[in-house]
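Subject: Structure handover

Hello,

Below is the structure you asked to look at. My notes on it follow; please read them with the model open.

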2 protein chains.
Amino acid sequence: MNHTTYRTLDAAGIRDLIAGLPDIAARLGGTVEHWQVREVSDGNLNNVFIVTGHTGEVCLKQSLPHVRVDPAWKMPLDRTFFEAEWLRAVQPLAGALTTEFLHFDPVLYVLIVESLSGHTVLRSALMQGVDWPGVAPRIATFVAHTTFGTSLLARPFEDVFTARGIFCANQALTRITLDLVLDHPYRDHPRNHWEEPELTPIVLDIRSSAATLMAVENLRRRFLSQPQALLHGDLHTGSIMSTPDDTRVIDGEFALYGPIGFDCGMFIGNLVLHYFATPDHAARQATLQDIAAFWACFQEQFLILWNMNEAAPAGTLRPLAYGPAARVAQQAFIDEILIDTIGFAAVEIIRRLIGYAHTADFDAIADPQQRGACRAGALAFAYHVLEHHAEVVTIGDFLLNLGERGKTGL
Amino acid sequence: MNHTTYRTLDAAGIRDLIAGLPDIAARLGGTVEHWQVREVSDGNLNNVFIVTGHTGEVCLKQSLPHVRVDPAWKMPLDRTFFEAEWLRAVQPLAGALTTEFLHFDPVLYVLIVESLSGHTVLRSALMQGVDWPGVAPRIATFVAHTTFGTSLLARPFEDVFTARGIFCANQALTRITLDLVLDHPYRDHPRNHWEEPELTPIVLDIRSSAATLMAVENLRRRFLSQPQALLHGDLHTGSIMSTPDDTRVIDGEFALYGPIGFDCGMFIGNLVLHYFATPDHAARQATLQDIAAFWACFQEQFLILWNMNEAAPAGTLRPLAYGPAARVAQQAFIDEILIDTIGFAAVEIIRRLIGYAHTADFDAIADPQQRGACRAGALAFAYHVLEHHAEVVTIGDFLLNLGERGKTGL
């Protein structure tokens, strides 16, 4: 008989668990009865707690057998397993830009990581009007290093195939992305919703545009069949915690092998949402600069890593060609990531406005008419980008369109 | 203590094994002591036996812990496991075009399948001068049905990801393909060899052409990062057994998820080798027709399956767009398969002439000078195709070039 079965932990259960983990208990300091356990769950899926001792603090995340905000929506427990695997894979590559992995319990599906109590969720910080120009380059660094380092460009194919095999099993969360980001918004579905009537005609345009639907179908196929690198899989501004000087990517439970442009597009898409939700002209300009800086920095670092790699680490594929031809091929690879990025940014914007899971960015706009106009502006921009996906192929095209459309709602 | 460990079977061991498998024993008929066991191993990797009873016959294949033709080259045993998994996956899709799966022993790594004693290996049949116009369309049918049916176009992504996860582990044989087909021939490597000095200048041209090396590098990356469908992985004319009316694909141990054009290219590449090895003009014309028929038939059947599929089986992704836009996207998908096909055909030709594993096609040419000229013609053709990969993009371009170059050696 198996006595060590899953159960949902309360504060007492959490204290018991940590009491059995000497390294983490030592990090907290003091004795069990003094540890404070505070629930801070605010994502849709899991229970999250901060445990504070005399000398330290840790963050504990437990999967539930259902969606946290909708217990009728059943879900396998293994999502913290995939987050733990993701953390272990990315820490050697960009550990300073995520949280320290401390422990994973494969029976309780509990992941314990470093706590970031001095940090703010980036979405909230942006809504409070911060201007942290270091964040976008840091996220670019994170994406460049983690995607390059888990790709065939950096590792023997055997390592990549083994990792792909692991993340191929993260199907429940991949299904959520597929449905909520790449399917439901494009048809009638009970999980879709939006408040403002001015969004409706744009929604109808999106759903009746063959070019737009084909662009989405292409993105959907690329999401599932271009396993270029290990992705975070949900890299929105709510998956990032930051101070002005220190930025961390959290919540890697959606991790999968996929097209690198998916991570880039999620981040840029959420910056665009912030752009449309910010009435302040200077803040909008700063956001345009963040987007430009993200892409420039990602591209630069990815290429630096690739060119360093021509020295061919043991077991990787020795590049056959160097020189100008190789440079052309590299640029084609980067350009393809950018085209994906632009497409995935657009679908992310759309699903945050008319799909199941919206974002808080627009909630700060008090005037309902202005809020509706800002949301409609964002939706129209994303529609334009998908409808003209073949022409919006450089970051300049993207920013130019964004600047033009951004006049709406101001 | 584990008593059921692997051992290499001899005839007596094979009789004992089958005596314990009532269904297979019944198929053979008669009693154990009358069963004839005949070794027919002729591939590079495994032991293969035909077991004959009073009323039936089966074929038995056992993995060895090394390459059969080179015991110093160690190899994991699991390749018959992957062949068994491949057979189980493709039989519901194209069972009449492969051998019936009868049994797999996961300890002895023994696979037992239907025997095909009336069939001839296609390469040998072609060398004997047969003209079997039904073969190429049957192989096209096999590839269209097995690749479509194991792809995201036909199945929920969960099924596809699970299958990809299984075949991600077939790393020893994927490494062989990567090294022998897509790497070693393009540089100095002790496993490369060729007899005729007239091949040497072409080899040097290939290795110093940046365009060719970039084309190969691109194919290598696509081989490892476009898991469109479950491939046979080694679809040369030695992996096909046929009569005039019945054609079977065998030896799926190299199976992996990869670009569909890889299977198409292996088959076409081997037809091209036969083309250059056949001095007879009519036989050459028949081979050109086989290549054209293969591609036309593959394309037609793949699209028929795709268009039937618009009725959306449960769990697959519902296509978002129908009509003209969808037709354009379908054609783009097929065109991409063809570009891969042409590239992989070229690398297959090259490795069969200057790499580790040559083919017997040219051995029938008695005159050494003519044999050298034919091989050089084939090599120059493949080089031309890779060097001009961006321009040879239709099956017409490919056949036109082949017809032109084919004058060499006649």
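How many of the 12 residues of helix H7 (residues 171–182) of chain A are buried? The count is 11, so helix H7 of chain A is largely enclosed by the rest of the structure. Buried means under 20% relative accessible area, exposed means over 50%, and partly exposed is in between, with a 1.4 Å probe and protein chains only. Among the buried residues of H7(A) are A:Gln171, A:Arg175, A:Asp179 and A:Leu182. Helices (H or I, at least four residues) and strands (E, at least two) are DSSP runs, numbered from the N terminus.

Before the rest, some conventions. This is a predicted model, in which local features need pLDDT of at least 70 and side-chain atom pairs count only at pLDDT 80 or more, while totals for chains, interfaces and linings use all residues. Residues are numbered from 1 along each chain as its sequence is written, chains are lettered from A and ligands numbered from 1 in the order in which they are written, and side-chain values use heavy atoms, with hydrogens and water left out.

Chain A as a whole

Chain A has 14 helices and 12 strands. Its C-alpha trace spans about 60 × 60 × 40 Å along the principal axes. The radius of gyration of chain A is 22 Å, which agrees with the value near 22 Å for a compact globule of 410 residues. That radius is taken over C-alpha atoms, and the globule rule is 2.2 Å times the number of residues to the power 0.38.

Of the 410 residues of chain A, 61% count as buried. Chain A exposes about 15200 Å², and carbon and sulfur atoms supply 56% of that area. Accessible areas come from the Shrake-Rupley method with a 1.4 Å probe; for residues, only the protein chains shown count as cover.

Contact means heavy atoms within 4.5 Å. Among the contacts in chain A with a separation of 6 or more, 72% are between residues 24 or more positions apart.

Chain A has 30 positive and 46 negative charges, and their mean positions are 3 Å apart. Lys and Arg count as positive and Asp and Glu as negative; His and the chain ends are not counted. The place of a charge is taken as NZ of Lys, CZ of Arg, CG of Asp or CD of Glu.

The two copies

Two copies of a chain are related by a rotation about an axis and a shift along it. Here, a rotation of 180 degrees with 0.0 Å of shift along its axis superposes chain A on chain B, with an RMSD of 0.0 Å. That is the relation of a two-fold axis. The same surface serves both copies, as 100% of the contact residues of chain A recur in chain B. Copies are superposed by least squares on the C-alpha atoms of residues with pLDDT of at least 70 in both. Of the residues of chain A, A:Gly165 comes closest to the rotation axis, with its C-alpha at 2.1 Å.

Residues to look at

B:Leu199 lies in the loop between helix H7 (171–182) and helix H8 (200–208) of chain B. B:Leu199 is buried, with a relative accessible area of 0%. Not counting residues up to four places away in sequence, B:Leu199 touches residues including B:Trp194, B:Leu353, B:Ala376 and B:Leu379.

B:Thr150, in the loop between helix H5 (135–149) and helix H6 (157–167) of chain B, is also a buried residue, at 0% relative accessible area. Residues up to four places away in sequence aside, B:Thr150 touches B:Leu93, B:Arg155, B:Val160, B:Ala229, B:Leu230 and B:Tyr257.

A:His274 is in helix H10 (residues 260–277) of chain A and counts as buried at 6% relative accessibility. Leaving aside neighbours within four places in sequence, A:His274 is in contact with A:Leu126, A:Met127, A:Thr287 and A:Asp361.

Lastly, backbone angles. Most residues other than glycine have a negative phi. A:Asp251 has a positive phi of about 65 degrees; this residue is in the loop between strand S11 (247–249) and strand S12 (256–258) of chain A, and is partly exposed at 26% relative accessible area. A:Tyr109 has a positive phi too, near 55 degrees, and lies in the loop between strand S6 (101–105) and strand S7 (110–114) of chain A.

Regards
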